[in-house]
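Here are my notes for you to read with the model open.

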Amino acid sequence: MNGVFVTGTGTDVGKTVVAASIARKLAAEGKRVAVFKPAVTGLDEEGTPDHVMLREAAGSSQSDDEVAPYRYGPPMSPHLAASLAGEEISRERLLEGARTAADGADALVCEGVGGLLVPLALDYLVRDFAADLALPLVVAASPGLGTINHTLLTLEAARAAGLEVAKVVLTPWPEEPSPIEASNRETIAALGAVEVETLPRLGLR
Ligand SMILES: Nc1ncnc2c1ncn2[C@@H]1O[C@H](COP(=O)(O)OP(=O)(O)O)[C@@H](O)[C@H]1O
Ligand SMILES: [Mg+2]
């Protein structure tokens, strides 16, 4: 399987923005891009859901089910949202879904849910799914205070499970980074032994 697995230091750190910008770039290069998200929660809340943003960015014609087989209204951990809906998220169904999405595409851009240790089921974490797909990780993180710790913890959790980390992306990166933000970028690269990129603030709808 070709592609990337976009994770992050947690919820609301820019995973979807980073995944969508990667998908858009690959599509602009003429690649056929498929997208996948193991579970979407919080459909009850306002805003465009992740699977819709990803599909648009990729220019993909996948159905909702093909992008995100498990979708729930309440904004909560997928294992809990599934349980309240009377079901369990199945590893086999996810792997089958991701393989089907990747079939016939040049690249699969998969977005995780929350951070790496979020449970899809009590015995199947987002990290386990990433390991099953064996795609290189892109870690979305905030530029500001607190990000060194969150990012290094995420890198440790990834490497402890043998996952390959392609890069960290700090987002949204300000036009004029403060000394703390500039230092965070260098410190994460040095202590995390990882490539650190930045993504400027995009004009999103
Ligand atoms: N580069 C960026 N440009 C514009 N908005 C951004 C950028 N990075 C993050 N954001 C904003 O931060 C919030 C969280 O981003 P999102 O990608 O939805 O996070 P996650 O997928 O990790 O929950 C959103 O409101 C998003 O628009
Ligand atoms: Mg998201």
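1. How far does helix 7 (residues 147-160) reach from its first C-alpha to its last? It spans 20 Å with its 14 residues, close to the 20 Å expected at 1.5 Å a residue; that expected span is 1.5 Å times one less than the number of residues. Helices here are DSSP runs of H or I with at least four residues, strands are runs of E with at least two, and both are numbered from the N terminus.

2. A word on ground rules. This is a predicted model, where local features need pLDDT of at least 70 and side-chain atom pairs count only at pLDDT 80 or more, while totals for chains, interfaces and linings use all residues. Residues are numbered from 1 along each chain as written, chains are lettered from A and ligands numbered from 1 in the order written, and side-chain values use heavy atoms, without hydrogens or water.

3. Back to helix 7: its buried residues are Thr147, Thr151, Thr154, Leu155, Ala157 and Ala158. Seen down the helix axis, they fall within an arc of 165 degrees, so they line one face of helix 7; the arc is taken from the directions between the helix axis and the C-beta atoms. Leu153, Glu156 and Ala160 are exposed on the other side. Buried means under 20% relative accessible area, exposed over 50%, and partly exposed in between (1.4 Å probe, protein chains only).

4. What does that buried set pack against? The partners are strand 1 (3-8), helix 6 (126-133), strand 8 (137-141), strand 9 (165-173) and helix 8 (179-192). Contact means heavy atoms within 4.5 Å. Arginine 159, also in helix 7, is partly exposed at 39% relative accessible area. Leaving aside neighbours within four places in sequence, arginine 159 is in contact with Val165, Gly192, Ala193 and Val194. Just after the helix, glycine 162 takes a positive phi of about 80 degrees.

5. Now the metal. The magnesium ion (ligand 2) has Thr16 (OG1), Asp50 (OD) and Glu111 (OE) as protein donors, 2.0 to 2.2 Å from it. Donors are N, O and S atoms within 2.8 Å of the metal (3.2 Å for Na, K and Ca), and with water not among the atoms, sites may look incomplete. Aspartate 50 sits in helix 2 (residues 50-58) and glutamate 111 in strand 5 (residues 107-111), so the pair ties together parts that are 61 residues apart in sequence. Glutamate 111 counts as buried, at 1% relative accessibility.

6. Helix 2 buries His51, Val52, Leu54, Arg55, Ala57 and Ala58. These pack against several elements, including helix 1 (15-28), strand 2 and strand 5. After helix 2 comes glycine 59, with a positive phi near 65 degrees. Serine 60, in the loop between helix 2 and helix 3, counts as buried at 16% relative accessibility.

7. Which way do the strand 2 (residues 33-36) side chains point? Val33 and Val35 go one way and Ala34 and Phe36 the other, and all are buried. Strand 2 runs parallel to strand 5, joined by four bridges; strands pair if DSSP finds at least two bridges between them.

8. Last, the nonpolar cores: sets of buried Ala, Val, Leu, Ile, Met, Phe, Trp, Tyr and Cys joined through side-chain atoms within 4.5 Å. The largest has 41 residues, with Phe5, Leu120, Phe129 and Val168 making the most contacts inside it. Helix 5 (residues 91-102) gives the most to this core, with five residues. Apart from it lies another core, of 21 residues, among them Ala19, Ala20, Ala57 and Val169.
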